[in-house]
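Please open the model in your viewer and keep the selection panel at hand.

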Amino acid sequence: MDSTADPSYPHIFRRHESDHEPDCEPYRKAGPEIPVVDLRALDPGRLAEACRVWGIFRLANHGIPPTLSNRILDRARLILSEPFEDKRTRFGGGPVSYFWGTPAVGKRVRSVNWVEGLHIPLARLRSGEEPGFGSSSFRCLVDEYVRHMARIARELFNALTVDLKLDSVQSTSHFSEPDAILRVYRYPRRPNACHNFGLEAHSDSSLLSILNQDEVGGLQILREGRWINVAPISDMLIVNIGDMMQAISDNEYMSVEHRVLASSSKERISLCYFAYPSEDGLISSSRYKPFTYKDFKAKVQEDIEATGFKIGLDRFRITDPN
Ligand SMILES: O=C(O)CCC(=O)C(=O)O
Ligand SMILES: [Fe+2]
């Protein structure tokens, strides 16, 4: 369907160009392959090396049944194909929120990200406060899915704490399962998608991010100055290191810069689970002034509102003159 006519798209995505250009093939060529980590036969050395050298890896044998993965992606596709105004109403005001075009929140709006979705803070979901979501079958799938995500995040984090030689106090405050967030994304088709992004280049603020994507593709990481495609491989998840893990590891691990390309011909669905440290746990390292995740989040929000950009960890770097 032409996106101009699709009532499920937010208005800003209903563009008038009907002449779809082919996608930009050069951007989508295969690049060097990112490492694969096997969760069933976890090799801690291989995992740590992937975090040090790449900041991202594919995760095989993660234990999520393919039927669950397919069902939740299909259900997400269905919900997000509801009319735009219905999505706004259904998810307006509750803890589960519907967003589109993020991060157009600043005073100086840069370009709009060609993405919409649901933001699901899991702690509030557990407390049962969400009216538009309630007892839906999607809710049941989310519950089951995030149980797997929490298990996977915990297992990876535990292995990394051994590699980093964190003590038990640090490992407890640096991983807070209740603070996790699930985001469900739909990247609408975008006419003339060549130079446009579903998500602009960024690093995640999380500890670890675990991505499940459909077969469309578009994710890229920045490595040694080049953008590399992370093509979907069925039954494998993608895990990336976030800013908090970079700080906790004292820059041993790398919070990888990534982005998502828009496609002119295909919509894309992805689910991203973000694991975080506890909000008030102090993160101390030799490279950054001590800070909590709450401090970090407030600074990111302040910078985005003031400048349109996330500055992130550089705000806390010890050499930072500010
Ligand atoms: O949808 C994707 O492939 C990536 C999502 C992402 O980078 C994010 O949510 O931070
Ligand atoms: Fe991201």
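This is a predicted model: local features need pLDDT of at least 70, side-chain atom pairs count only at pLDDT 80 or more; totals for chains, interfaces and linings use all residues.

Residues are numbered from 1 along each chain as its sequence is written, chains are lettered from A and ligands numbered from 1 in the order in which they are written, and side-chain values use heavy atoms, with hydrogens and water left out.

Colour next by burial. Of the 322 residues, 51% count as buried (under 20% relative accessible area; exposed is over 50%, partly exposed in between; 1.4 Å probe, protein chains only). Then switch to a cartoon, which comes to nine helices and 14 strands (DSSP runs, H or I of at least four residues for helices, E of at least two for strands, numbered from the N terminus).

Select residues 44-53, helix α2, and residues 137-164, helix α6: their axes come within 10 Å and cross at roughly 85 degrees (lines fitted to C-alpha atoms over the stretch in contact, with angles from 0 to 180 degrees between N-to-C directions). Helix α2 is therefore roughly perpendicular to α6 (65 to 115 degrees; under 35 is roughly parallel, over 145 roughly antiparallel, the rest oblique). Show side chains here: Leu 47, Ala 48, Cys 51 and Arg 52 of α2 meet Leu 156, Ala 159, Leu 160 and Asp 163 of α6 (contact means heavy atoms within 4.5 Å).

Now centre on Leu 160, which lies in helix α6. Leu 160 is buried, with a relative accessible area of 1%. Beyond its neighbours within four places in sequence, its contacts are Leu 47, Ala 48, Cys 51, Leu 208, Met 245 and Tyr 253. Draw a C-alpha to C-alpha distance from Leu 160 to Met 245: 9.6 Å in space, although the two are 85 residues apart in sequence.

Finally, select ligand 2. Which residues coordinate the iron ion? The ligands are His 202 (NE2), Asp 204 (OD) and His 258 (NE2), at 2.1 Å (donors are N, O and S atoms within 2.8 Å of the metal, or 3.2 Å for Na, K and Ca; water is not among the atoms, so sites may look incomplete). Along the chain, these donors follow the spacing H-x1-D-x53-H. His 202 is partly exposed, at 22% relative accessible area, whereas Asp 204 is buried, at 7%.
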